[in-house]
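Please look over the sequence and the 3D structure shown here before reading on. The briefing that follows is arranged by topic.

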Amino acid sequence: MAAGDNSNAIEMEDSKIPLLTPYKMGRFNLSHRIVLAPLTRMRSYNFTAQPHAILYYSQRTTKGGFLIGEASAISETAIGGPNIPGIWKREHVEAWKPIVDGVHQKGGIFFCQLWHAGRASNFCFQPNGQSPVSSTDKPITSKFRIDGTTASAFPAPRRLTTEEIPQIVQDHRIAARNAIEAGFDGVEIHGANGYLIDQFLKDKVNDRTDIYGGSLENRCRFALEVVKAVAEEIGADRVGIRLSPFADYNDCGDSNAEALGLYMAESLNKLGILYCHMIEPRMITQFEEQQTRHSLLPMRKAFKGTFIVAGGYTRDNGNEVITRGGADLVAFGRLFLANPDLPRRFELNAPLNKYDRSTFYTFDPVIGYTDYPFLDGIV
Ligand SMILES: Cc1cc2nc3c(=O)[nH]c(=O)nc-3n(C[C@H](O)[C@H](O)[C@H](O)COP(=O)(O)O)c2cc1C
């Protein structure tokens, strides 16, 4: 039995594993529950999505499958790394169109992830070499980048003034409109992994004394204003948000992650958005798992829309979380990156390609990107 009142009962056809059962997510009829997690691939030269992404995304598309695109910068100040795609300019919209078309031609449902890196950026990515902006003026002190390998120091950010915040909300709204114009079926607001929205949410970072800091309600205000603006612009039934209340990536932890996750789940209900996508507490960084006594179940029960989970999922524990009603959908990152035909492999319980971490964030348009073989050996 499903734990949440909102979860679809799973009709167990003998031949189908739970991950391969259909699910109706609002207006979208999904043929299975295996979601492509948002994956930055750093192959978008000049901050513009490139034609090689047509093949990459269409390789990972199934009829009725749900894909979340890589983090896409909502403005010039949102950029947090090299060769990431933007979604704030006309050129960006035009560049995304054939990629979205490719997914639609194969019957996929495709959302754009809207991203502002905040202080997880550097002078070289900012307009006029200025400081990155954040909720705070404290820099990230951790020595390692988010990929867990490359040592890097982040500069001290500039604290956004209260008066500047509505403009960042507006940038999200415009980016959402652009995403729809590019053909995306909806957007996922990136509120996870220590980026700008998370920098407001978490009390380890947010040291503001205005209406955007201090109490839980104040720390969540910016995130909820963004969600509200985006929902007003494109319709709440096309909006999801990704959150990682328990994670501490980019030096972004919270003293009471469960209260934060619950407050967000309940507030999101009032805005009626399509889905909430949460990263499992076991993922302390993007790649490292740890033992934890925490669970997403309270948030899953509190949230009334579709609940997506991510972080360290496999065929087995993915089936298990669907069966016990812990989630409606499961997003797969590294396994989907390395296995373009992941749903098929799960169906057959076939062996999986191993992912190559060294090409996660390299700039090659083919290697480590579109050259992972399908089961039949064809790339
Ligand atoms: C190469 C790579 C890029 C990623 N880029 C993003 C991103 O753009 N947005 C995001 O929310 N998460 C990003 N993540 C996190 C994944 O979406 C996912 O949460 C993480 O990999 C854990 O899931 P997994 O165990 O299935 O890989 C990235 C992960 C990897 C490996």
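Which residues in α3 meet which residues in α5? Ile165, Ile168, Val169, His172, Arg173, Ala176, Arg177 and Ile180 in α3 meet Phe222, Glu225, Val226, Ala229, Val230, Glu232, Glu233 and Ile234 in α5, where contact means heavy atoms within 4.5 Å. This is a predicted model, in which local features need pLDDT of at least 70 and side-chain atom pairs count only at pLDDT 80 or more, while totals for chains, interfaces and linings use all residues. Residues are numbered from 1 along each chain as its sequence is written, and side-chain values use heavy atoms, with hydrogens and water left out.

**Helix α3 with helix α5**

- The axes of helix α3 (residues 165–181) and helix α5 (residues 216–234) come within 9 Å and cross at roughly 35°; axes are lines fitted to C-alpha atoms, for helices over the stretch in contact, and angles run from 0 to 180 degrees between N-to-C directions.
- Helices (H or I, at least four residues) and strands (E, at least two) are DSSP runs, numbered from the N terminus.
- The crossing of α3 and α5 is right-handed, a term used if the near helix is turned clockwise from the far one by less than a right angle, with anticlockwise giving left-handed.
- By class, the contact of α3 with α5 has 10 nonpolar, 1 polar and 5 charged residues, with Ala, Val, Leu, Ile, Met, Phe, Trp, Tyr, Cys and Pro counted as nonpolar, Asp, Glu, Lys and Arg as charged, and the others, Gly among them, as polar.
- Glu233, which lies in helix α5, is in contact with Arg173 and Arg177 when its neighbours within four places in sequence are left aside.
- Glu233 counts as partly exposed because its relative accessibility is 26%, given that buried means under 20% relative accessible area, exposed over 50%, and partly exposed in between (1.4 Å probe, protein chains only).

**Helix α5 with helix α6**

- Helices α5 and α6 pack at an angle of about 40°, with their axes 11 Å apart, and α5 passes α6 in a right-handed crossing.
- Among the residues making this contact are Leu216, Cys220 and Leu224 of α5 and Leu260, Tyr263 and Leu271 of α6.
- The residues of the contact of α5 with α6 divide into 11 nonpolar, 1 polar and 2 charged.

**Helix α1 with helix α2**

- The axes of helix α1 (residues 52–59) and helix α2 (residues 90–105) come within 8 Å and cross at roughly 25°, which means that α1 is roughly parallel to α2, as angles under 35 degrees count as roughly parallel, over 145 as roughly antiparallel, 65 to 115 as roughly perpendicular and the rest as oblique.
- Ala53, Ile54, Tyr57 and Ser58 of α1 make the contact with Trp96, Pro98, Ile99, Gly102 and Val103 of α2, and by class it has 7 nonpolar, 2 polar and no charged residues.

**Strands β10 and β11**

- In strand β11 (residues 306–310), 5 of its 5 residues are buried; Thr306, Ile308 and Ala310 point one way, and Phe307 and Val309 the other way.
- Strand β10 (residues 275–279) and β11 pair in the parallel sense over 5 bridges, pairing being assigned if DSSP finds at least two bridges between two strands.

**Two loop asparagines**

- Asn83, in the loop between β4 (66–73) and α2, has a positive phi near 55° and counts as buried at 15% relative accessibility.
- Asn250, in the loop between β9 (239–243) and α6 (257–271), has a positive phi near 55° and counts as buried at 6% relative accessibility.
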